[in-house]
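Good morning, colleagues. I shall speak briefly about side-chain contacts and strand pairing.

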Amino acid sequence: MAYDYDDQNIFARILRGEIPNSTVMETDHTLAFRDIQPQAPEHILVIPKGPYVCHDHFALAASEAELVDFMRVSGRICAELGVQPGEGGAGYRTISNAGGHGVQEVPHYHLHILAGRPLGRMLEQA
Ligand code: AMP
């Protein structure tokens with residue numbers, strides 16, 4: 001796979017314990033913590049502990065255990081936030097930016113979970 005993982009990126013440093021973070025959930029394969037510049041009242045980042053650059057890298061190269069764990073953690077966070085539409089919650093948005101057009105800043109795969117206010121339309125008009 002043509003991905004060159006930069007192990008000095010800020011999330012790799014968080015995973016090594018070199019930089020503090022506000023952890024909301026941790027499992028063997030996954031870490032979730034609060035975004036340092038929240039764009040909504042609830043803004044949580046979910047990251048795999050493995051060295052994956054972006055969504056397609058993780059989706060194609062990770063083990064089934066890593067994939068399942070990541071998805072379950074993201075769902076458990078929605079449940080803990082009380083935002084699940086199926087449970088009467090107000091809803092939320094997940095976003096994963098990748099590469100140049102996706103305007104990805106940190107080259108370690110992460111899923112944004114945003115909630116706590118109406119989030120507007122998905123994309124602004126270009
Ligand atoms: P992206 O553009 O999808 O790569 O977004 C990267 C996100 O990481 C941004 O929302 C930043 O606010 C967030 N971020 C950067 N550094 C930290 C940090 N040390 N702790 C928590 N979130 C961070």
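**Salt bridges and strands**

I begin with E18, which forms a salt bridge with R16, the closest N and O atoms lying 2.7 Å apart. The term salt bridge denotes here a side-chain nitrogen of Lys or Arg within 4 Å of a carboxyl oxygen of Asp or Glu.

Let me state the conditions. This is a predicted model, in which local features need pLDDT of at least 70 and side-chain atom pairs count only at pLDDT 80 or more, while totals for chains, interfaces and linings use all residues. Residues are numbered from 1 along each chain as its sequence is written, and side-chain values use heavy atoms, with hydrogens and water left out.

E18 also forms a salt bridge with R13, with 3.2 Å between the closest N and O atoms.

E18 is partly exposed because its relative accessibility is 43%. R16, at 40%, counts as partly exposed, and R13 counts as partly exposed at 32%.

By the salt-bridge rule, the count comes to four. Another of these pairs is E26 with K49, whose side chains meet at 2.7 Å, N to O. E26 lies in strand β1 (residues 23–26) and K49 in the loop between β3 (42–48) and α2 (55–61), so the pair ties together parts that are 23 residues apart in sequence. E26 counts as exposed at 51% relative accessibility, whereas K49, at 31%, is partly exposed.

I turn now to the strands. Helices (H or I, at least four residues) and strands (E, at least two) are DSSP runs, numbered from the N terminus. Two strands pair if DSSP finds at least two bridges between them.

β1 and β2 pair in the antiparallel sense over three bridges, and they form a hairpin with three residues between them. Within this pairing, T23 has F33 in β2 as its bridge partner. β2 and β3 also run antiparallel, joined by five bridges. There, T30 has P48 in β3 as its bridge partner.

Why is β2 described as largely enclosed by the rest of the structure? Strand β2 spans residues 30–34, and it is so described because four of its five residues are buried.

Thank you for your attention.

Technical notes: Buried < 20%, exposed > 50% of the residue type's maximum accessible area, 1.4 Å probe, protein only.
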